[in-house]
Amino acid sequence: MLQLSIFLENAQGRLADALNTLADLQVNIRALSLADTKDYGVLRIIVENPEEVAEKLRERNCVVKITQVWVLKVPDSPGGLAGQLNKLVAEGVNVEYMYGFVEKENEQAQVVLRVRDAEIMQAAMDKLALK
Amino acid sequence: MTQDELLLHLRKTIAQVLKAPYYKKRLAEVGIYYPGDVKSLEDFRKIPLTDKEALRQNYPFGLFAEPLEKMVRIHASSGTTGKPTVVGYTREDIQLWAKIVANGLRRAGITSNDVVQVAYGYGLFTGGMGLHYGCEELGALVIPISGGNTQRQLMLMRDFGSTVLCCTPSYALYLADSLEEEGMTKEDLKLRVGIFGAEPWTEQMRAEIETRLGIRALDIYGLSETMGPGVSLECLKGEGLHIDENFYPEILDKDGNVLPEGETGELVLTSFNKMGFPGLRYRTKDITSITYGSCTCGHTGWTMKRVSARVDDMLIIRGVNVFPSQIEEAILSVGGIEPHYLIVVDREGNLDTLEVQIEVNAASFNDEIRELEELQQRLQTKIHEILNIAARVRLVEPKSIPRSEGKAKRVIDKRKEKQLS
């Protein structure tokens, strides 16, 4: 799965501006996370046709990066995420960051994972038959 | 040169400048009416400095020391920031200038066997004709092509077998780009040396020009107010720009005190043997340092470092002299960042603050905050290393720094705005 990351200055109205731009482009955000520091933030989003959206954002002077992430379904119960994560850690997966969302159709809990090494992650996913 | 010889030369220059009403008045202010009134170097150092403003106020011919009938040439600055500054030359001055440039070129290894393409502008600007006369004096074959018309430049360079290229360093890079577009390579040319000046350039640019054109790239320095190109030029040893013996350099601090050898400050020049427009303690506004000694190329006397900055650009932050070019150097050395930056100087309480805003771009942006913070930290560390003062680096969105037409605005000094309000 490809994720878009957008650099945002930490100034009033910048996040709203970015979201307005995405609305103008008729982009539906399926999952989102905002990481912030004192000066700036990074808006990470999961959308349909990420490459196309990235190109359009670049035309509007946004700094956009496309990164590979994994979307993992997790049991919607106490310890559900911990259980999945423990298995991945045991396979040598190193998580950079993650954020959760609920898929609306079947109320399935999911997390977006960004990892240090994509190959290790892919091998772990295959081995554990996760998706 | 001994102290006595130096004084003799300085008195000759004073005798000549006293013929110009402007200098006569300035020298009277410090009690100098005759050349003999300057009995020591200390006396000489009391003479008020002259700058571009004096030329503007005495526009057009107020600093000429000979009547117009003796003048044979005029050069002038473009006058983009006001009235042009006008300088004049007698026949002897033109001959002296030609000898000065020829001597510099000779030390740069250029001989009568060379074919020199002079791609500096010919006209009121001193660059083209200064190099032209110098090359002829040397006996080299000159191609007076002037600037521009790049395809023609390349065609003649190849067909005439030019061995030396004289132009601005940025035009040299443009020629290198065009060479590739024309389907030629540096092997199609016979170029071996470039004499580049008339604008500031960096060591990175030198390396790039040398590699792409397969030549030695040498720096030439001069300004119309003191003669034109040729005041100083690098020899093949590459250990600085040798100042011609017809100029007496001083390095001054911001209060006008003369600094010892090797220390950095503003270059002030006095000319010897110049008749029409002699220069006495002329402020170049260029920042450099000078050393005295001899070089294996045959030069004896003063050598200056490459000019890295101008007085006009200098900021004083917490008592430290800071040039925007130093901050640019730090940004470039960390790499990955296109240098769109803005320096914001402010004062909080009694302490000056320095903030450097740098636009993030596709190459420097990383999705992980940790990486961005590391980049910020590396930049801060590098700036601290170079300036010895702490700066706060702030990463900002692309195109958020205002663009201006022409020269980019790199500095906002809020301390000045506060003083005014």
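**Figure 1. The side chain of B:Asp43 reaches the backbone nitrogen of B:Lys39 at 2.8 Å.** In this predicted model, local features need pLDDT of at least 70 and side-chain atom pairs count only at pLDDT 80 or more, whereas totals for chains, interfaces and linings use all residues. Residues are numbered from 1 along each chain as its sequence is written, chains are lettered from A and ligands numbered from 1 in the order in which they are written, and side-chain values use heavy atoms, with hydrogens and water left out. B:Asp43 belongs to helix α3 (residues 41-44) of chain B, where helices (H or I, at least four residues) and strands (E, at least two) are DSSP runs numbered from the N terminus. With a relative accessible area of 17%, B:Asp43 is buried, a word that stands for under 20% relative accessible area, as against exposed for over 50% and partly exposed in between (1.4 Å probe, protein chains only). Apart from neighbours within four places in sequence, B:Asp43 is in contact (heavy atoms within 4.5 Å) with B:Ile32, B:Asp37 and B:Val38.

**Figure 2. B:Thr288 lies in strand β12 (residues 282-288) of chain B.** The side chain of B:Thr288 reaches the backbone oxygen of B:Lys305 at 2.7 Å, and B:Thr288 counts as buried because its relative accessibility is 3%. When residues up to four places away in sequence are not counted, those touched by B:Thr288 include B:Met304, B:Lys305, B:Arg306 and B:Val307, together with B:Glu263, B:Thr264 and B:Gly265.

**Figure 3. B:Cys135 and B:Cys166 have sulfurs 5.2 Å apart.** B:Cys166 holds the cysteine sulfur closest to that of B:Cys135, yet the separation is too far for a bond, a disulfide being a pair of cysteine sulfur atoms within 2.5 Å. B:Cys135 is buried, at 0% relative accessibility, and a search of the whole structure finds zero disulfides over all chains.

**Figure 4. The contact between the two chains takes 21 residues from chain B and 23 residues from chain A.** B:Phe365, B:Asp367 and B:Glu397 supply 40% of the area that chain B buries against chain A, more than any other three residues. The area buried between the chains is about 1800 Å², of which carbon and sulfur atoms give 52%; buried area is the accessible area (1.4 Å probe) that two parts lose on being put together, summed over both.

**Figure 5. B:Glu397 forms a salt bridge with A:Arg14, with the closest N and O atoms 2.5 Å apart.** Six salt bridges are found across the interface of chain B and chain A, each defined by a side-chain nitrogen of Lys or Arg within 4 Å of a carboxyl oxygen of Asp or Glu. On the side of chain B that touches chain A, α11 (369-387) and β20 (392-396) each supply at least two residues.

**Figure 6. Chain B contains twelve helices and 21 strands, and chain A four helices and seven strands.** From the N terminus on, the elements of chain A run β-α-β-β-α-β-β-α-β-β-α. Of the 421 residues of chain B, 51% count as buried, while buried residues make up 44% of the 131 residues in chain A. Among contacts between residues at least 6 apart in sequence, 63% join residues at least 24 apart in chain B, and the corresponding share in chain A is 65%.

Key:
A polar contact is a pair of N or O atoms within 3.5 Å; within protein, one must be able to donate a hydrogen and the other to accept it, and residues adjacent in sequence count only if both atoms are side-chain atoms.
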